[in-house]
Amino acid sequence: DFRQFTAGADVANGTIIQTTDGLAGIVEGLAGVKNGKVGNARVEGIVVCDKASATVIAAGDRLQIATATQLVTVKASGAADAGNIILGRAVAAAGNGTLTVRVDLNRAAV
């Protein structure tokens with residue numbers, strides 16, 4: 001499933017944004033979306049996201065992503081921390097030393 005959005009600045013393909021209905025969305029399109037233009041953001045599916053090497057994530061953990069760094073962290077409950085977006089749930093564990101995590105986008109994010 002996709003949501004349309006109007007870019008407030010140039011947004012690169014693959015960037016995770018928050019859609020107007022509050023969902024995390026991954027910007028689609030090879031060239032991304034230019035400022036002021038309408039684009040599509042994917043809001044469902046299993047995706048691979050970056051995380052810091054030292055971040056430890058268990059399967060099923062509720063995740064958030066920092067809009068500035070596009071790195072995933074665990075958010076056990078409540079709203080996302082300032083500057084972050086609730087992302088979804090970890091599909092599999094991603095331990096110390098790994099740089100990515102598989103995420104079920106927007107699945108059981110609350």
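**Strand layout and selected residues in an all-strand chain**

S77 lies in the loop that connects β7 and β8. This assignment, like every other one here, comes from a predicted model. Exposed means over 50% relative accessible area. S77 has 52% relative accessibility, so this residue counts as exposed. S77 and G22 are 55 residues apart along the chain, and their C-alpha atoms are separated by 16 Å.

β7 covers residues 72–74 and includes T73. The relative accessibility of T73 is 31%, and this residue therefore counts as partly exposed. With residues up to four places away in sequence set aside, T73 touches T55, R62, L63 and Q64.

β8 pairs with β6, residues 62–66, through five bridges. The two strands run antiparallel. Within this pairing, R62 has R89 of β8 as its bridge partner. R62 is also one of the residues that T73 touches. β8 pairs with β9 as well, where β9 comprises residues 100–105. Here three bridges join the strands, again in the antiparallel sense. A90 stands opposite V103 of β9. In general, strands of a sheet pair through backbone hydrogen bonds, in either a parallel or an antiparallel arrangement.

Four strands form an open sheet in the order β1-β4-β3-β2, and the pairing is antiparallel. β1 (2–6) and β2 (16–18) are the edge strands, and each has a single partner, so one side of each is left without a neighbour in the sheet. From one strand to the next, the twist averages 45°. β2 is joined to β3, residues 24–27, over three bridges in the antiparallel sense. In this pair, Q18 stands opposite A24 of β3. As a general rule, side chains in a regular strand alternate between the two faces of the sheet.

At the level of the whole chain, the assignment gives nine strands and zero helices. The pattern along the sequence is accordingly β-β-β-β-β-β-β-β-β. The radius of gyration is 13 Å, close to the 13 Å that the globule rule gives for 110 residues, so the chain is as compact as a globular protein of that length. The C-alpha trace spans about 40 × 25 × 25 Å along its principal axes.

Burial and contacts were then totalled. Of the 110 residues, 37% count as buried. The cut-off for burial is under 20% relative accessible area. Contacts between residues at least 6 apart in sequence were sorted by separation, and 49% of them join residues at least 24 apart. The accessible surface of the chain comes to about 5800 Å². Carbon and sulfur atoms account for 53% of this surface.

Technical notes:
Residues numbered from 1 in each chain as written. Predicted model: local features only at pLDDT ≥ 70, side-chain atom pairs only at ≥ 80, totals over all residues. Heavy atoms only, no water. Pairing = 2+ DSSP bridges. Axes fitted to C-alpha atoms, helices over the stretch in contact; angles between N-to-C directions. Buried < 20%, exposed > 50% of the residue type's maximum accessible area, 1.4 Å probe, protein only. Contact = heavy atoms within 4.5 Å. Rg over C-alpha atoms; globule rule 2.2 N^0.38 Å. Areas by Shrake-Rupley, 256 points an atom, 1.4 Å probe, with all protein chains shown as cover.
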